[in-house]
Amino acid sequence: MDFILSTKSLENRVGSQTFDLFVIGGGINGCGIARDAAGRGYSVALAEMNDFASGTSSGATKLIHGGLRYLEHYEFRLVRESLMEREVLWAMAPHIIWPMRFVLPYHKGGIRPAWLIRLGLFLYDHLGGRKLLPPTSVLDMRRDAAGKPLKALFTKAFEYSDGWVDDARMVVLNARDAADKGALIMPRTKVVSARRENGLWVVETVDTLSGRSETHQARMLVNAAGPWVDHVIRAAFGQNEARHVRLVQGSHIVVRKKFDGPKAYFFQNPDNRIIFAIPYEDDFTLIGTTDRDYGGDPKDVRISAEETDYLCKAASEYFKEPVTADDIVWTYSAVRPLFDDGASKAQEATRDYVLKLEGKDGSEANAAPLLNVFGGKLTTYRRLSEHALEKIGEAIGMRGSPWTAKSHLPGGDFPAQGFEAEVARLQAAYPFLAPAHARRLTRRYGTKATILLGKAASTADLGRHFGSDLYEAEVRYLMQHEWAFTAEDVLWRRSKKGLYLSKDEAAALESFLQAERIAA
């Protein structure tokens, strides 16, 4: 992220509005804070230099979970808050979030004794006010279907509940809802400078597509830049030695389906690390994650050969059928900006979040406050946003009250356990849809699928076919409502159709989008 403390203004367009908040970063934390603030009546602007969720927020293991392994590091506050959030988020967005059962195989002489696992799962069941999610159970892997893909060594397993999320869609839906509530949302807009002037923040941005620059004013700046958070601090305050985050790389592989059924697996490795093997997009298995310190530029992060080998070998310790590099159909890697708590190992660094308010010393030059956001995870983003709003209220005055716990993200306005009924409604309204297509559209868009489909009465009414079950109607919806701009936005963040489309089909989609951009 190229962010400089400017000494002179750019020739640009100066916005007439003074915002209450200017948020830097379009990941889950930035979009969550923008949504919460806009819903309370604050005027909000948000700038993201790339696409939403183009960094850390789409590079996770895609779980809404308490964090069973965090109990070993005594992070009880984080685990309790995370456990409590599982059902809150599920109810908020039941189209993109759903329950999942996790199978933790056990054998004598394993990494952790059975009593320790039982204790951890007992705490897991009782710390977080679980109401709808089923409790832990014990499986006889010699009889249970969950044992079929695993080696005969694993005769016993513990099964517990957590949740799954379409992470990139959760981010863009927060941005969409923030915009619907009045926020100015600016993807592909780079913040090139920020300075305090006359009690306000003066923020200069450049549209990375058009090159147009603008100047914005705000009473408060929120630095939710993820891996670049320290970069912003160093630029805005001249704190050249600012080192608040520890960059930890996490990589995943997606392989051809290794097992049937909706359950996921939790595998313990001899090095005390864990990986998950998770059903993914119907036809695949997601395996990850790794944990290692990262010293490069976050935008350049890629899975290494060492990480690939590690994940294949770790999964092969459990599966009867080995996982090899030849099985891999896709990989992704991201940098997690964890708060640097001095832990010796990357996997031991805290996953909790820290909020720091700067610039409240009362002098005119430093009157405009800055909130820096460190760490965090998908599961706790809503609570992080609420806590951020408390800090914002302290700095520039309270508005509204907490509201997101009982809210719905766009498309999620149906009961938490009502997904199948929602699929049936869509199928009845559009009987020409194949069942799998109706299910996918409901999973991606929930009740908004009817807006996407409009008055379509046949497949032909959906327009150009780009491959798999991706049609022009969906692409146009994503362009108009969710800021999709490139084929990558559509195929890898708004959907995962990149797993199904050929290179030629993806290129044709890019050409279509480019033509639409020129026409616009």
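Buried means under 20% relative accessible area, exposed over 50%, and partly exposed in between (1.4 Å probe, protein chains only). This is a predicted model, where local features need pLDDT of at least 70 and side-chain atom pairs count only at pLDDT 80 or more, while totals for chains, interfaces and linings use all residues. Residues are numbered from 1 along each chain as its sequence is written, and side-chain values use heavy atoms, with hydrogens and water left out.

**View A. Helix α9 is mostly covered.** Helices are DSSP runs (H or I, at least four residues), numbered from the N terminus. Helix α9 spans residues 435-445, and eight of its 11 residues are buried. They are His 437, Ala 438, Arg 440, Leu 441, Thr 442, Arg 443, Arg 444 and Tyr 445. Just after α9, Gly 446 takes a positive phi of about 55°.

**View B. Phe 259 and Tyr 265 form an edge-to-face aromatic pair.** Rings of Phe, Tyr and Trp (its six-membered ring) pair if their centres lie within 6.5 Å; planes under 30 degrees apart count as stacked, over 60 as edge-to-face and the rest as tilted. For Phe 259 and Tyr 265, the centres are 4.9 Å apart, with 85° between the planes. Both residues are buried.

**View C. Charged ends sit over two rings.** The rule asks for NZ of Lys or CZ of Arg within 6 Å of the ring centre and within 35 degrees of the ring normal. Lys 62 lies over the face of Tyr 332, 4.5 Å from the ring centre. Arg 517 has its charged end over Phe 485, 4.2 Å from the centre of that ring.

Technical notes. Helix = DSSP H or I, 4+ residues; strand = E, 2+ residues; numbered from the N terminus.
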